[in-house]
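Subject: Structure handover

Hello,

Please find the structure below, followed by notes on what was found in it.

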2 protein chains.
Amino acid sequence: MRASHLEDYYQFLRFPSVSTDEAHTDDVAHCAHWLVEKLTAVGLEAKLMPTPGHPVVWAKNKHQPGRKTVMIYGHYDVQPPDPLDLWDSPPFDPVLKNGYVFARGSTDNKGQILAHILGVQETIERDGELPVNLHFIIEGEEEIGSGNLGNFLTQNLEALRCDVVVVSDTGMVARGVPTLSYGLRGVTALEVKITGSKMDLHSGMFGGAVANPITALTQLLATLHDKEGRIAIEGFYDKVKPLEDWEREAWRKLPLDGDKEILGETGSPDLYGEKGYSTLERLWARPTAEINGIGGGYQGPGTKTVIASHAMAKLTFRLVPNQDGPEILELAKKHLRKHLPAGVTMEITDGHSGPWYLTDPHSSVGQAAQRALRDAFSGAEPALIREGGSIPITSQFRTILGVETLLLGLALADCRAHSPNENFPLENFDAGIRLNKAILQELAK
Amino acid sequence: MRASHLEDYYQFLRFPSVSTDEAHTDDVAHCAHWLVEKLTAVGLEAKLMPTPGHPVVWAKNKHQPGRKTVMIYGHYDVQPPDPLDLWDSPPFDPVLKNGYVFARGSTDNKGQILAHILGVQETIERDGELPVNLHFIIEGEEEIGSGNLGNFLTQNLEALRCDVVVVSDTGMVARGVPTLSYGLRGVTALEVKITGSKMDLHSGMFGGAVANPITALTQLLATLHDKEGRIAIEGFYDKVKPLEDWEREAWRKLPLDGDKEILGETGSPDLYGEKGYSTLERLWARPTAEINGIGGGYQGPGTKTVIASHAMAKLTFRLVPNQDGPEILELAKKHLRKHLPAGVTMEITDGHSGPWYLTDPHSSVGQAAQRALRDAFSGAEPALIREGGSIPITSQFRTILGVETLLLGLALADCRAHSPNENFPLENFDAGIRLNKAILQELAK
């Protein structure tokens with residue numbers, strides 16, 4: 001590992017580029033500017049493309065006719081770092097411990113996209129040029145749903161024509177096991193607010209006379225699942241594509257004890273989920289309804305005998321092929337309206353959404369990806385998996401640009417993306433640099 | 001209204017004597033010191049009595065043998081003022097608008113206890129002495145359950161011997177209608193914390209594999225009530241004393257449209273509660289299970305696709321005769337343990353509790369109270385009611401001191417005790433001063 005690579009990495013991580021929080025708008029912009037400077041220094045033609053939200057960083061080499069064109073996509077925005085008190089070191093002050101770099105964004109996605117940039121840097125330094133026509137598209141809104149990237153792609157369609165997209169923003173099944181992800185879950189979000197009285201009430205003076213919005217909210221949210229862990233929204237599973245036999249078989253043979261791994265990672269007292277599916281099957285190929293946040297009434301120290309005026313919850317649904325996000329959102333809203341308890345009112349706000357993705361790991365570019373993965377990981381056989389997370393833009397690459405996406409992820413299960421103490425091993429950072437060099441060579445063929 | 005009375009009132013209200021919040025410990029102490037100075041200036045012998053928590057203020061006149069001894073009880077601590085953004089003026093900077101004083105504690109309980117102090121001041125100024133032996137006991141822990149007052153009473157039992165206790169910390173059924181409250185609900189509290197994973201998780205990477213503690217919490221709390229609004233905890237109603245026919249009859253005849261009043265006060269879209277009881281019956285004579293606060297996961301702006309490590313809720317139960325607080329707490333915990341969803345762990349913390357109170361409004365002191373109320377309110381006939389709130393100490397006055405308590409409250413339904421924009425009309429402040437003078441005369445007989 002070159003010292004300059006690590007210094008680049010640390011500089012990149014120090015920007016608190018939290019896209020969801022308006023207080024960090026300037027930090028997001030500074031981070032984008034830093035990327036443009038870095039990509040320019042590498043020898044690419046780089047520029048900042050404004051959007052109605054955070055800007056897109058676009059860099060390319062000098063394109064030559066007759067060569068394959070590859071787009072490498074990543075994002076420079078990160079999730080909020082809270083709860084801050086659970087971090088062992090400040091989230092935007094990277095530290096190296098036992099070969100792992102700890103910082104928000106270290107894995108998701110700064111470490112992975114920077115490895116690609118540094119791979120390109122090394123190839124250009126060695127060969128003077130790249131074997132393919134290259135686009136780097138690095139956006140600042142992935143963590144808030146990539147709301148402006150589709151328009152950006154559409155508006156620059158001709159200039160962005162390419163043969164394939166490469167993304168490193170997914171996981172590896174185990175340390176040292178290169179992994180090609182051929183499927184992702186989608187996501188759709190909503191926020192529900194339940195209101196009772198116009199102000200907080202004394203629970204002695206009013207308790208028993210009017211509905212408690214927190215109670216109503218818990219009763220409403222408790223209707224989302226049945227006792228088997230299945231989602232109880234009518235029609236929710238109607239379009240779910242059943243798992244293929246070969247997938248269930250391949251996943252059973254992975255060098256990965258999903259149950260043990262996830263219990264160890266999470267420290268949860270037990271595994272839990274929809275009956276009839278293995279843990280990996282539930283994670284990779286079954287939809288979920290999650291409550292990501294809930295709040296209402298008094299949450300401070302001690303007791304406050306209050307009936308809150310309102311309570312809210314933030315929900316996301318992970319979607320799988322062939323569910324339709326807007327349709328699921330409508331089904332969910334219909335369910336919530338149907339089960340709304342008496343004595344309160346409800347407001348529902350739609351959040352961001354993004355579709356699932358599924359591609360064929362045995363296509364010609366899929367095979368090129370498998371060769372590059374073997375090359376970067378000392379000949380180890382790549383695992384073919386799906387993933388539980390969402391990269392909504394993958395389906396836009398297909399619908400807008402008409403190309404498939406290769407998901408060559410470098411995240412480990414214990415990377416703590418979106419959580420306190422997010423980390424990335426330098427070993428994977430190095431492998432990412434090698435992977436970039438190999439995949440560009442393989443795709444050039 | 002004398003200008004000096006209003007100035008005393010404002011000074012008293014400016015102390016942010018929030019007993020539940022350790023950050024306000026000094027403010028609570030300063031408020032107690034101010035009271036000692038005021039009571040001394042009135043001509044009483046006043047002192048601060050330390051406790052393991054906040055101090056008790058104790059003041060008395062020179063007692064003479066052969067006279068009745070009356071204890072007037074009140075509290076100088078207040079509820080937390082949050083949510084601060086819903087106050088039209090700062091909670092600890094009293095303002096007078098249209099005859100109402102707005103500030104935290106204006107009604108509960110600073111306005112009402114100060115009216116008694118000023119009544120005593122006026123009687124002493126006029127007569128040179130009081131017609132009874134008097135104790136003022138003004139505590140600083142009522143809003144956190146009066147945890148040290150029982151010990152204080154026990155330790156000073158002989159010195160505190162009295163014939164009756166007078167408390168103004170309850171409500172009036174309507175403006176201008178003097179009200180004797182002969183019953184109160186009790187309260188018992190607990191906090192429940194549900195834990196899943198050891199840290200917050202990415203809902204894509206882990207959603208579907210492990211239980212979501214917020215989902216589990218909503219499922220658990222949704223079991224507290226059945227579809228008729230009844231509490232579903234086994235044995236919860238076993239000891240509830242049914243309403244007497246005369247009470248139901250008397251409450252129906254009150255100059256108070258409970259439904260209309262409560263809808264107007266609260267702005268709730270509808271009334272809601274246990275089937276088979278009128279709104280006033282539910283408020284005054286039926287128990288409740290309320291969720292006072294809930295929190296977990298991401299509550300900030302935007303979306304965070306996280307599965308929280310833990311979630312918590314604060315519960316209180318309002319109790320009625322003849323329910324037993326500790327027994328109800330055990331039944332509730334048993335219920336929560338029985339219904340705990342799979343895949344998570346639970347911790348339950350007991351909160352403060354206090355018993356219900358019920359006395360006979362037609363006893364000799366009850367009749368003296370009714371005469372004093374008529375006197376203070378221009379001859380209007382007193383309403384005889386119960387109340388939904390809790391003053392746990394009333395039952396300790398009975399068990400420790402062996403005396404009954406007269407609840408002569410001055411709070412209006414729209415006083416917003418425990419809520420933003422708490423207020424108290426100067427008209428009731430004045431009536432409280434007259435009431436103090438009258439009740440001491442009546443009890444002296």
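In β11(B), G295(B) is the bridge partner of G295(A). The two strands, β11 (residues 288–297) of chain A and β11(B), pair in the antiparallel sense over five bridges. Strands are DSSP runs (E, at least two residues), numbered from the N terminus, and two strands pair if DSSP finds at least two bridges between them.

This is a predicted model, in which local features need pLDDT of at least 70 and side-chain atom pairs count only at pLDDT 80 or more, while totals for chains, interfaces and linings use all residues. Residues are numbered from 1 along each chain as its sequence is written, and chains are lettered from A in the order in which they are written.

The contact between the chains takes 85 residues from chain A and 85 residues from chain B (C-beta atoms, placed from the backbone, within 7 Å). On the chain B side, strand β11 gives the most, with nine residues. That side divides into 31 nonpolar, 41 polar and 13 charged residues (Ala, Val, Leu, Ile, Met, Phe, Trp, Tyr, Cys and Pro count as nonpolar, Asp, Glu, Lys and Arg as charged, the others, Gly among them, as polar).

Regards

Technical notes: Contact = placed C-beta atoms within 7 Å. Helix = DSSP H or I, 4+ residues; strand = E, 2+ residues; numbered from the N terminus.
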